[in-house]
Amino acid sequence: MRADSLVLPNCDLDSGKVTKAAEYSLTDDTYAKLLAQLSERKFDQTSPQLRANILGFYGDLSAPIETKKDQGQWQSVLTSLDQLRLVTPAPVIASVPH
């Protein structure tokens with residue numbers, strides 16, 4: 001961590017597999033909340049990597065995603081995804097410690 005070289009895999013820590021929608025209800029809810037928070041800020045600080053991760057997570061909208069059980073929340077997810085697809089992600093600028 002001190003060398004800024006800590007890299008954690010983006011995977012389900014129980015199975016070791018890539019996290020995907022409809023696999024675990026809490027993950028579905030967490031992605032929906034994250035998407036809502038980013039949308040509120042107009043995706044102003046969304047990195048290209050995070051944008052790609054979210055779009056990948058929601059790559060199969062026919063999956064039985066937990067969020068679909070709440071029509072209002074699901075509609076919000078779909079609207080936010082449409083907005084995210086149109087956003088040009090901000091480049092990540094490395095910070096230099098002072």
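Phe43 sits in the loop between H1 and H2. This is a predicted model, in which local features need pLDDT of at least 70, side-chain atom pairs count only at pLDDT 80 or more, and totals for chains, interfaces and linings use all residues. Residues are numbered from 1 along each chain as its sequence is written, and side-chain values use heavy atoms, with hydrogens and water left out. The protein chain has three helices and zero strands. Helices (H or I, at least four residues) and strands (E, at least two) are DSSP runs, numbered from the N terminus.

**Chain overview**

- Along the sequence, the protein chain reads α-α-α.
- The protein chain has 98 residues, and 26% of them count as buried. Buried means under 20% relative accessible area, exposed means over 50%, and partly exposed lies in between (1.4 Å probe, protein chains only).
- The accessible surface of the protein chain is about 7,300 Å². Carbon and sulfur atoms hold 55% of that surface. Areas come from the Shrake-Rupley method with a 1.4 Å probe; for residues, only the protein chains shown count as cover.
- Among contacts in the protein chain with a separation of 6 or more, 60% join residues 24 or more positions apart. Contact means heavy atoms within 4.5 Å.

**H1 against H2**

- Two packed helices are described by the angle between their axes and the distance between the axes.
- H1 covers residues 25-40 and H2 covers residues 48-57. They pack at about 135°, with axes 11 Å apart. H1 is therefore oblique to H2.
- Axes are lines fitted to C-alpha atoms, for helices over the stretch in contact, and angles run from 0 to 180 degrees between N-to-C directions. Angles under 35 degrees count as roughly parallel, over 145 as roughly antiparallel, 65 to 115 as roughly perpendicular, and the rest as oblique.
- H1 passes H2 in a left-handed crossing. Left-handed means that the near helix is turned anticlockwise from the far one by less than a right angle; clockwise would be right-handed.
- On the H1 side, the contact uses Thr27, Asp28, Tyr31, Leu34, Leu35 and Leu38. On the H2 side, it uses Leu50, Asn53, Ile54 and Phe57.
- By class, this contact of H1 with H2 has seven nonpolar, two polar and one charged residues. Ala, Val, Leu, Ile, Met, Phe, Trp, Tyr, Cys and Pro count as nonpolar, Asp, Glu, Lys and Arg as charged, and the others, Gly among them, as polar.

**H1 against H3**

- H3 spans residues 71-86. H1 and H3 pack at about 55°, with their axes 10 Å apart. That angle makes H1 oblique to H3.
- The H1 and H3 crossing is left-handed.
- Ala32, Leu35 and Ser39 of H1 meet Gln73, Val77, Ser80, Leu81, Gln83 and Leu84 of H3. The contact of H1 with H3 has five nonpolar, four polar and no charged residues.

**H2 against H3**

- The axes of H2 and H3 come within 11 Å and cross at roughly 140°. H2 and H3 are therefore oblique to each other.
- Their crossing is left-handed. Arg51, Ile54 and Leu55 of H2 make the contact with Leu81, Leu84 and Arg85 of H3.
- The residues of the contact of H2 with H3 comprise four nonpolar, no polar and two charged.

- Most residues other than glycine have a negative phi.
- Phe43 is not a glycine, yet has a positive phi of about 60°. Phe43 is buried, at 4% relative accessibility.
- Lys42 lies in the loop between H1 and H2. Lys42 also is not a glycine and has a positive phi of about 60°. Lys42 is exposed, with a relative accessible area of 66%.

**Individual residues**

- Leu34 belongs to helix H1. Leu34 counts as partly exposed, at 28% relative accessibility.
- Leu34 touches Leu50 and Ile54, leaving aside residues up to four places away in sequence.
- Leu34 and Val77 are 43 residues apart in sequence, and 10.0 Å apart in space, C-alpha to C-alpha.
- Pro89 lies in the segment after H3. Pro89 is partly exposed, with a relative accessible area of 22%.
- Pro89 touches Thr46, Ser47, Pro48 and Arg51, again not counting residues up to four places away in sequence.
- Pro89 and Leu50 are 39 residues apart along the chain, with their C-alpha atoms separated by 9.0 Å.
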